[in-house]
Amino acid sequence: NTIKAGTLRKASHRMKGMWKTKYVEIRKGTFSYFDENAKQHHNILRKDVPLKASTCTCRAVKMRSVKILPGNSGGAVFELRIQGGPRRLWMANSKEERQAWIQIIHNAMIGASTTRGQSFLEYQTEHGNGSNQKNKNNVPPDSPYKSYMDQYLHVREAT
């Protein structure tokens, strides 16, 4: 069952600064992509990336050159990386869209820790994957606003 599907731009590994539009489908445990015009024929040139929490990371990245490239309207970039594999850069149309893709990818990962909780943003904050480690203690752990603050701090970090 497909959790999310749509188009993203993928950075070319052969030609720096070149972004190709790909059709992307996310299912539990798999991130699949293929040429946008091949989406009617799902298995043609499809590439599958296994989404395993133990070997896969997905995070927002800053790229200064994205907006100044000719023919590029800009966007928000994230990295999908498999341990021992290449760094794959993907571009969404906005920071909000990027965050939605990242959250869906994290939710689709297999083998997530039981301490991960409902939100991957909380998981990343709780495990110190950012500079906001000291800030997260500003909100009491039992506060109903804690998860919102954790999400805010994580999104702020990514921008």
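User: How do I read a salt bridge, and which side chain does Arg59 meet in one?

Analyst: A salt bridge is a side-chain nitrogen of Lys or Arg within 4 Å of a carboxyl oxygen of Asp or Glu. Here the side chain of Arg59 meets that of Glu79, at 3.1 Å from N to O. Arg59 belongs to strand β5 and Glu79 to strand β6, so the pair ties together parts that are 20 residues apart in sequence. Strands (E, at least two residues) and helices (H or I, at least four) are DSSP runs, numbered from the N terminus. Keep in mind that this is a predicted model: local features need pLDDT of at least 70, side-chain atom pairs count only at pLDDT 80 or more, and totals for chains, interfaces and linings use all residues. Residues are numbered from 1 along each chain as its sequence is written, and side-chain values use heavy atoms, leaving out hydrogens and water.

User: Is Glu79 buried or exposed?

Analyst: Buried means under 20% relative accessible area, exposed means over 50%, and partly exposed is in between (1.4 Å probe, protein chains only). Glu79 is buried, with a value of 3%. Arg59 is partly exposed, at 42%.

User: Which residues are linked with Arg59 in a network of salt bridges?

Analyst: Glu79, Arg81 and Arg87 are linked with Arg59 in that network. Within it, Arg81 meets Glu79 at 3.7 Å, N to O. Arg81 is partly exposed, with a relative accessible area of 36%.

User: How many salt bridges does the structure hold?

Analyst: It holds five. One of them joins Arg27 to Glu25, with the closest N and O atoms 3.2 Å apart. Both Arg27 and Glu25 are buried.

User: What is the nearest side chain of opposite charge to Arg9?

Analyst: For charge, Lys and Arg count as positive, Asp and Glu as negative; His and the chain ends are not counted. The nearest side chain of opposite charge to Arg9 is Glu97, 7.1 Å away. Arg9 is buried yet has no salt bridge. Arg9 sits in strand β1, residues 2-11. Its side chain does make a polar contact with the side chain of Asn93, at 3.1 Å. A polar contact is a pair of N or O atoms within 3.5 Å; within protein, one must be able to donate a hydrogen and the other to accept it, and residues adjacent in sequence count only if both atoms are side-chain atoms.

User: Now the nonpolar side. Which residues touch the most other members of the largest nonpolar core?

Analyst: In soluble globular proteins, nonpolar side chains tend to be buried together. A nonpolar core is a set of buried Ala, Val, Leu, Ile, Met, Phe, Trp, Tyr and Cys residues joined through side-chain atoms within 4.5 Å. The largest one here has 20 residues, and Phe31, Leu51, Leu80 and Ile105 touch the most other members. At least two residues each come from β2 (19-27), β3 (30-35), β5 (56-61), β6 (76-82), β7 (87-92) and α1 (95-108). The largest share, four residues, comes from α1. A second, separate core has six residues, including Ala11 and Met91.

User: How many helices and strands does the chain have?

Analyst: Three helices and seven strands. Along the sequence, the pattern reads β-β-β-β-β-β-β-α-α-α. Of the 159 residues in the chain, 40% are buried.
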